[in-house]
Amino acid sequence: MAENLMAQEQMAQLTGQIEKAAGAALERIAKLASLPELNQVKVEMLGKKGILTQMGRAMGELPGEVRPLVGKMVNKARQEIMKALEEKEQALEMQALEERWQKEAIDVTLPARRRPAGSIHPLHLVLADIKKVFIGLGFEVVEGPEVELDYYNFEALNVPKHHPARDMQDTFYITDELLLRTQTSPVQIRTMEARRPPVRIIAPGKVYRSDADATHSPMFHQVEGLYVDKKVTLGDLKGILTLFARSMFGEKRGVRFRPSYFPFTEPSAEMDISCFICEGSGCRLCKNEGWIEILGAGMVHPRVFEMVGYDPEAVSGFAFGMGIERVAMLRYGIDDIRLLFDSDIRFLRQF
Ligand code: PHE
């Protein structure tokens, strides 16, 4: 009886202790706010002196008759604590993940930073159109050197050493025999030297003249054209260049050919087109002329054929040359040639 009473008292005391200890542990777990903290507490509780271990150990010391009941309680308490630890761990892991997501989140609604896109330079736009017309007519695009022999730039083009026509082109000489080409016409000579007729080429490229103002640049671009075959006539020249003018500047363009002079063509001409702004009635662009000069041309001079070893009796041909800057300035209404070479993005963006 007395034993029984003692056992009951001991029971009540034990259960009270267990409940208190378990309650304290659960409360501590509930307050944990970070994973490192949780890990520390976990190690502590599961460790040698930890509550879970101690509870297990205390079991062994219980008198036989209370062991089943108290044991049950202890197990329940241990399970609850283990479960609380696990759930807390999951919750804290989730929270950590959530925080990471928040921190690393990308706002996909933010407008992307624009990469500035390049555009095609007006000179290239014009050249591409010129090429298109002549390639369509069976012409081939060829190129020649910018540092040229005096022979190809002048001599072979029927401009001998002391010919006054040399004064028209302010030449950059490198040596007596070497210069920066003043025109693309030397490509005519190089091509004819290398090939037999028929020859149908255009030759675009840079040319150089010592001259600089709003309409002249020391470096600019020309396109040369050459057509040599049996029986090429002045009619062919007019037909092809008229077709070119209308493809470039509009089907309604009138064209006129004025007599001119170039040492390497005979007869020579300058081609004008009717002004595409005022349609011929007179305006600022055409300086009230109604006409705009577009290119120089002519029938290849017999002397030039002789220089390249062609028989002037057997073949004939025409040649032409035009400034690409000039065409671009006319087409886009650009009043200063230097704008084409300044690389000012505000200007270039407009094309
Ligand atoms: N080369 C000449 C110039 O620069 C243009 C031209 C080319 C004229 C071909 C006639 C024939 O002015």
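A residue is called buried here when its relative accessible area is under 20%, exposed when that value is over 50%, and partly exposed in between. By that criterion, in this predicted model, helix α7, which spans residues 186–194, has Pro186, Val187, Gln188, Ile189, Thr191 and Met192 as its buried residues. These buried residues pack against strands β2 (147–149), β4 (199–208), β5 (219–229) and β9 (316–323), and also against helices α6 (150–153) and α9 (302–307).

At the level of the whole chain, the domain assignment gives domain 1 as residues 2–103 and domain 2 as residues 122–348. The C-alpha centres of domain 1 and domain 2 lie 99 Å apart.

The sheet can be followed strand by strand. Seven strands form an open sheet with mixed pairing, in the order β1-β4-β5-β9-β8-β7-β6. Its edge strands, each pairing on one side only, are β1 (140–141) and β6 (255–262). Strand β1 pairs with β4 in the parallel sense over two bridges, and Val141 stands opposite Ile202 in β4. Helix α5 (residues 122–136) packs on the sheet, where it touches β1, β4, β5 and β9, and its direction makes about 165° with that of β4.

Further along the sheet, strand β7 (residues 265–274) is joined to β8 by eight bridges, the two strands running antiparallel, and Ser274 has Trp291 as its bridge partner in β8. Strand β8 is also joined to β9, again in an antiparallel arrangement, by four bridges, with Phe320 in β9 as the bridge partner of Ala297. Strand β8 (residues 291–300) is largely enclosed by the rest of the structure, because eight of its 10 residues are buried. Helix α8 (residues 234–249) lies across β5, β6, β7, β8 and β9, running at about 150° to β8.

The cysteines call for a cut-off: a disulfide is counted where two cysteine sulfur atoms are within 2.5 Å, and by this rule the count comes to zero disulfides. The sulfur of Cys275 has its closest cysteine sulfur in Cys283, at 3.6 Å, which is too far for a bond. For Cys278 the closest cysteine sulfur is that of Cys275, also too far for a bond at 3.6 Å. Cys275 counts as buried because its relative accessibility is 0%, and Cys278, at 14%, counts as buried as well.

Side chains of opposite charge can pair when their charged atoms come close. A search of the whole structure finds 19 salt bridges. One of them joins Glu104 and Arg100, with an N to O distance of 3.3 Å; both residues lie in helix α4 (residues 67–104), four residues apart, about one turn of the helix. Glu104 is partly exposed at 48% relative accessibility, and Arg100 is partly exposed at 47%.

Another salt bridge is formed by Arg195 and Glu140, whose closest N and O atoms are 3.0 Å apart. This pair links distant parts of the chain, since Arg195 lies in the loop between α7 and β4 whereas Glu140 lies in strand β1, 55 residues apart.

Glu279 sits in the loop between β7 and β8 and Lys252 in the loop between α8 and β6, so the pair ties together parts 27 residues apart in sequence. Glu279 counts as partly exposed at 45%, whereas Lys252 counts as exposed at 66%. Finally, salt bridges that share partners join Arg256, Arg258, Asp272 and Glu293 into one network.

Technical notes: Residues numbered from 1 in each chain as written. Predicted model: local features only at pLDDT ≥ 70, side-chain atom pairs only at ≥ 80, totals over all residues. Heavy atoms only, no water. Buried < 20%, exposed > 50% of the residue type's maximum accessible area, 1.4 Å probe, protein only. Contact = heavy atoms within 4.5 Å. Domains from an automatic or database assignment. Pairing = 2+ DSSP bridges. Axes fitted to C-alpha atoms, helices over the stretch in contact; angles between N-to-C directions. Salt bridge = Lys/Arg side-chain N within 4 Å of Asp/Glu carboxyl O.
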